[in-house]
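Biologist: Please take a close look at one part of this model, the helix packing, and set it in its surroundings.

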Amino acid sequence: MDRIAFKGVTKSFGPVTALRPINLDIAAGEFVTLLGPSGSGKSTLLNIAAGHLAPSSGQVLIGDRDVTALPARRRNIGMVFQSYALFPHLNVYENVAYGLRARRVAGKETARRVEEALSIVQLDGYGPRAVRELSGGQQQRVALARALVIEPDALLLDEPLGALDRQLRKHVQLEIRRLHQRLGRTMIYVTHDQEEALVMSDRIAIMRDGGIEQIGTAPELYRQPSNTFVAGFLGESNLIEGRIERILGGFAELATDELGISIRGVAGAGLATGAPAAALIRPEALTLSPEATPRLPARIEEVVYLGDILSIRLRLASRQDIWCRRFAGKSDLPSGTVTLGWSEQDVRILPIAPPGNPRPQSN
Amino acid sequence: MSLARKITLHALVAAVLAFLVLPILAVIPASLNSASFIRLPPSALSLRWYGAFFQDGEWTSSLLTSAKVAAIATGLSLFLGTAAALGLRRIEGAWRRILSGFFLAPLIVPAIVTAIALYYVSRPLGLVGTTIGLALGHALLCLPFVVVNVGVSLAGLDPILLRAAEGLGASPFRIFRTVTVPSILPGLVGGAIFAAITSFDEVVISIFLAGIEAKTLPVKMWETIRVEFTPVAAVAATLLIGLTLVFFLTLHATLLRSRRPKAA
C-alpha cells in the first residue's frame, strides 16, 4: 500500500492532447474515483499509472519511487479491466495464480494465497472451474482476486462494473467498498457513473477534456462545485444563467435579464463583477410556496413519481425548465402556477465552464 | 422443390464430386493391381506392389527424404512465419500491407520462377541435391500458410490479455509462452499442417533442387512414371493421399476443439 502521485503528467497522441498537465496526489489507502464522460482522459490517466502508456511529460510516483520509466511488470500494481481480461485457456485457480507464478512464488505458498484471495471475493472452491462457466459477476470477482493476490501497492479499476446489470452492479459496488475498507489498499477507480463514484470514493476527481475540473469529497463536490460543468455532472442541478451584479461578503448577486429578478447566493471562486455566471439551485432546495422570497413564478408541467419522492418539472417565464424534488405523500401538490422559493444559503453562484470539446485538440 | 428437380440437383452434385475426386481415388485400386502395369479396373487384387515399394531402397529413401524435408521446412516456416505474423501485428498502416504482400508473395509467384531463382542461388552454395537445400526451398513456399494461419489467430487475441499479463508481472517471454501461444495454438497447428502438406506435395522446386542423394517422393514418382508404368507409382500416390488425409483430419479435430469452448 502506497501513495500515488501524478506530477505534471501530460499525454498527446500525435496532434491530439489526451491529458493536460495533471497534478494529483492520492494518499496511501485512499479510494479516489476518476469520474468523467468518455474521452475525458480518465482511462488514459489510469493506464499511465499502470505503466501501459508512457506520459508525454511529467512524473508518476508510487510511494517515493519515480516509476515513470518503469515497465508495467515491475510496478506491482493490480489492475481490473471492464472486460475482466481473464485468460480464457486457464481455470479460475490458474488465473488467480498467474501473478504469483510470474513472481516465482513457491507452490505451497501460491496455493495458500490463491485460496485466500478466492475466499476474499467469496469464490471458495471455484478454483477448478473454467472461466467461461462463470457469470459476469463471478468473472469480475476472479479478476479482483487475481489483482489482489499479488499484494499490489495500489489497485486500479477501469470501469469494472460496466458490463454488469444494474442489480448486480449495486451489489458489487458495496462489495468493493467493503473490500477497500477491510484491506485498506490505495485504489483508483475509473467510471462515468456518478452513483458508483458517490457510493465508493473517499474523493472524486471530475475529469473533462483531459484535465481535472475539481477534486474533493462527494459532499464538497455536490455542495461546492467549482463551475457549472461539475455542478451538472454530479447530481441533478438547476442552472440559471445571468451576469454578476455584485460580490460582497461571500455572497454574489446574479442579474437575470429574462426573469427580471436578481438571485443572491453563496459566491464560488473565480467570479468577476459583470462576467457571465450561473446560479445553481439543487432540486431539493426549491420550495413551492406562495410566500417565499424571492418570488419566481413557474408553471408545473410534469410530475414524475419515483416511489419515495416526486420529481416535478416546472417552466419559468424564460421558458427554461427547472426540476424540483419533494417527498411523495407529504402534502397535497399545488397545481398550475406556483411560486418558487429557496434559501440564499442553498444557492451557489458559479462561473460558467467553457463549452467542452468532444475531441480535445492540441494547444 | 419438386422431386424431379431434387433428383437432377443431386445428380449434378454427385457428378461434380465424382469429377473432382474419382481421378484421384483411381490410384487406390490401381495400386492394388497384381499386374505389372497400371490398369483399370485391376485384373486381380494384391498387395504385391506395396511390398515392392517398401523393399526398394530408392523408394523408401525418397519417402524418408520427403519426411525429413517436410519436417525441417515445417519447423523453419513455423518459426519464421510466427515471428513474421507477430511482427506484422505490431506495425500499422501502409507498411503492414506492403510487408504482408511480401510474405504472401510465394503463393502468387509462379512456382517455376521461384524454382529457377532458387536453383541459381543454391547451386553456387552447394545446396542443390541436399536435404537442407530442399527444405529451405520448401520453407519458402510454406511460409505464407503459417503467416496467414497464425495471423488470423492473432487477430482474435484480445490485446487486453497481454496487458493484464504484463501488469501481473510477467516478462515478455512468459507472456508469449503462457498467453500468446495458447491463444494462437489453432493457427500454429493449422499453419504447420498446411506447411507439411505443401512440402509433401511440392514437385516443381524439388525437381530443380533434388539430386541423387536427396530426392523427395513426388520427384521419384515423376521420374519413375516417365520410364516405367508399374503400379509402384500408384502405391506412392496412395501413400501421399493417405498422409494428406491424416493431416487434414488432424486439422479438423484441432479446429473443432478450439471452437467448442467459445460455443459453450
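Predicted model: local features only at pLDDT ≥ 70, side-chain atom pairs only at ≥ 80, totals over all residues.

Modeller: Residues are numbered from 1 along each chain as its sequence is written, and chains are lettered from A and ligands numbered from 1 in the order in which they are written.

Two packed helices are described by the angle between their axes and the distance between the axes. H2(A) and helix H4 (residues 136-148) of chain A pack at about 30°, their axes 7 Å apart. Helices here are DSSP runs of H or I with at least four residues, strands are E runs of at least two, and both are numbered from the N terminus. Axes are lines fitted to C-alpha atoms, for helices over the stretch in contact, with angles running from 0 to 180 degrees between N-to-C directions. H2(A) and H4(A) are therefore roughly parallel (under 35 degrees; over 145 is roughly antiparallel, 65 to 115 roughly perpendicular, and the rest oblique). The crossing of H2(A) and H4(A) is right-handed, meaning that the near helix is turned clockwise from the far one by less than a right angle, anticlockwise being left-handed. H2(A) contributes A:Val92, A:Asn95, A:Val96, A:Tyr98 and A:Gly99 to the contact, and H4(A) contributes A:Val142, A:Ala145 and A:Arg146; residues are in contact if their C-beta atoms, placed from the backbone, lie within 7 Å. By class, this contact has five nonpolar, two polar and one charged residues (Ala, Val, Leu, Ile, Met, Phe, Trp, Tyr, Cys and Pro are nonpolar, Asp, Glu, Lys and Arg charged, and the others, Gly among them, polar).

H2(A) also takes part in the contact between the chains. That contact takes 17 residues from chain A and 17 residues from chain B. On the chain A side, strand E6 (77-80) and helix H2 (92-102) each supply at least two residues, and the largest share, three residues, comes from H2(A). The side of chain A that touches chain B has 10 nonpolar, four polar and three charged residues.

Chain B has a helix pair of its own to set beside this. Helix H4 (residues 57-90) and helix H9 (residues 172-201) of chain B pack at about 140°, with axes 9 Å apart. That makes H4(B) oblique to H9(B). H4(B) passes H9(B) in a right-handed crossing. Among the residues in contact are B:Ala70 and B:Gly81 of H4(B) and B:Gly191 and B:Ala195 of H9(B). This contact has nine nonpolar, seven polar and no charged residues.

Technical notes. Contact = placed C-beta atoms within 7 Å.
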